[in-house]
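Trainee: I'd like to learn how to read helix packing and a ligand site. Can we work through one example together?

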Amino acid sequence: MAADSLFVTDNRTGRMYEIPIADGAIRATELRKIKADEDDFGLMSYDPAFLNTASCRSEVTFIDGDRGILRYRGYPIEQLAERSTYLETAYLLLFGELPTSTELDAWADEITHHTFVHENLKVLMESFRYDAHPMGMFVSAVAALSTFYPDAMQVDDPENRLLQTKRLVAKVPTLAAWTYRHARGLPYVYPDNDLGFAGNFLSMMFRMAEPRYAADPALERALEVLFILHADHEQNCSASAMRSIGSSKVDPYSALAGAAAALYGPLHGGANEAVLRMLAEIGDVRHVPAYVERVKAGEVLLMGFGHRIYKNYDPRARIIKETADAVFEVTGRSPLLDIALELERIALEDEYFVSRKLYPNVDFYSGLIYEALGLPVAMFPVMFAIPRTAGWLAQWLEGIVDPEQKIARPRQLYVGAGERDYVPLEHRAGRELVAV
Ligand code: CMC
């Protein structure tokens, strides 16, 4: 009997099976050996929403949700937020190690020189309605990029993968900024190659008639920190979408558009937008207790609270709270901050939240910073997508070269009707149409 194994007795047959354990997991395919009889397909594991299923082996990001730990390639998020830049962190995520100074310069230079997009893409973006949601525009524009780079289909060619990776990291801020300019009816601003990653993004967002946009250094740094914090978060909804779509060997633009669409939802990257709408709806610190009661009654969710993995304070939320203070020193304090602080205070003491281990997540305070930077709430998920592009690509690159990965294709437990004969139209009983 191996030390690292599991013995299972199938009470249907009385047979015993030994299943190896590696890295704290059993292989679900081992269960297939467990059969009720010769014709049986074999046992499956049922895990809706992947609550306890590892879909890959990964070296990118480590999270210990119980202890509130997040590391990229082994480096604690706190150290990266304090000392790194977004481009350096993106390099780390994508290539596995921190760059030397020569490597960093070359990387920054490459990214800077891939920031422009084809003029036809600008025309495409201009054709959206004046009130189009920026995230809908962003998802579409990223997908459209695949049509400009048909060579991106060569996903098995490492050089090609690298080229598309650089293009994507470099171009998403341009597309993101243009969704904002579109919503405001402002002319699109081209990238400025003399500015850094965050500075150039702020220039494309806010530059008007001045020859060069000079962002406030404190705000530029705050944005870098937000970008670092959002760069990756292991197998979340959008990252697993990226891996799953990428497993079909489609080009990375199409896969990334799918990942961004997953991020758009209010339970994922759309939560920062939902938080601000919630704070505005609460409207006043005095209304907080009544709102908390509504949450506890199950009427509404406390947006920006709770996490599938963190059952402790999200380490990113802690850093963001400090970043918010630095931003408010420049921009002035948001009146919504007091509501947020009071919500957090009450929630952290309340039995409902304590027993469910619901703590503020990354999205609870990030929206307040974006608001202070002058961004409309609809831009918030787009702000999340810019840095997460590095994480999505790191996850995709790892999946593409993993010899164990095949096209993602979950099983199902079929619980629908058994075989039945087609009923002619005139013999069918009427029934009310309900979506199933
Ligand atoms: N407000 C009130 N109750 C909550 C909340 C919340 N925000 N989150 C979870 N709960 C309750 C939930 O109702 C359940 O209660 P009960 O046991 O009585 O049924 C319990 O806590 C466990 O929650 P769950 O729904 O099983 O947890 P999950 O892991 O499926 O969901 C989540 C995680 C993040 C989707 C969820 O906490 C949520 O909807 N939060 C609000 C949206 C949000 O802030 N999302 C951003 C996540 S962080 C950034 C990112 O991933 O993009």
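Mentor: Axes are lines fitted to C-alpha atoms over the stretch in contact, and angles run from 0 to 180 degrees between N-to-C directions. This is a predicted model, where local features need pLDDT of at least 70, side-chain atom pairs count only at pLDDT 80 or more, and totals for chains, interfaces and linings use all residues. Residues are numbered from 1 along each chain as its sequence is written, and side-chain values use heavy atoms, with hydrogens and water left out.

Trainee: At what angle do α6 and α10 pack?

Mentor: Two packed helices are described by the angle between their axes and the distance between the axes. Helix α6 (residues 158-184) meets helix α10 (residues 252-264) at about 40 degrees, with the axes 10 Å apart. Angles under 35 degrees count as roughly parallel, over 145 as roughly antiparallel, 65 to 115 as roughly perpendicular and the rest as oblique, so α6 and α10 are oblique to each other.

Trainee: And how do α3 and α6 pack?

Mentor: Helix α3 (residues 101-112) packs on α6 at about 70 degrees, with axes 8 Å apart. That makes α3 roughly perpendicular to α6.

Trainee: Which side chain has an N or O atom 2.7 Å from a ligand oxygen atom?

Mentor: A polar contact is a pair of N or O atoms within 3.5 Å. The side chain of R308 supplies the atom 2.7 Å from a ligand oxygen, while a side-chain N or O atom of R356 lies 3.0 Å from an oxygen atom of the ligand. A polar backbone atom of F305 is 2.9 Å from a ligand nitrogen. The protein covers 70% of the 940 Å² of accessible area (Shrake-Rupley method, 1.4 Å probe) that the ligand has on its own.

Methods. A polar contact is a pair of N or O atoms within 3.5 Å; within protein, one must be able to donate a hydrogen and the other to accept it, and residues adjacent in sequence count only if both atoms are side-chain atoms. Helices (H or I, at least four residues) and strands (E, at least two) are DSSP runs, numbered from the N terminus.
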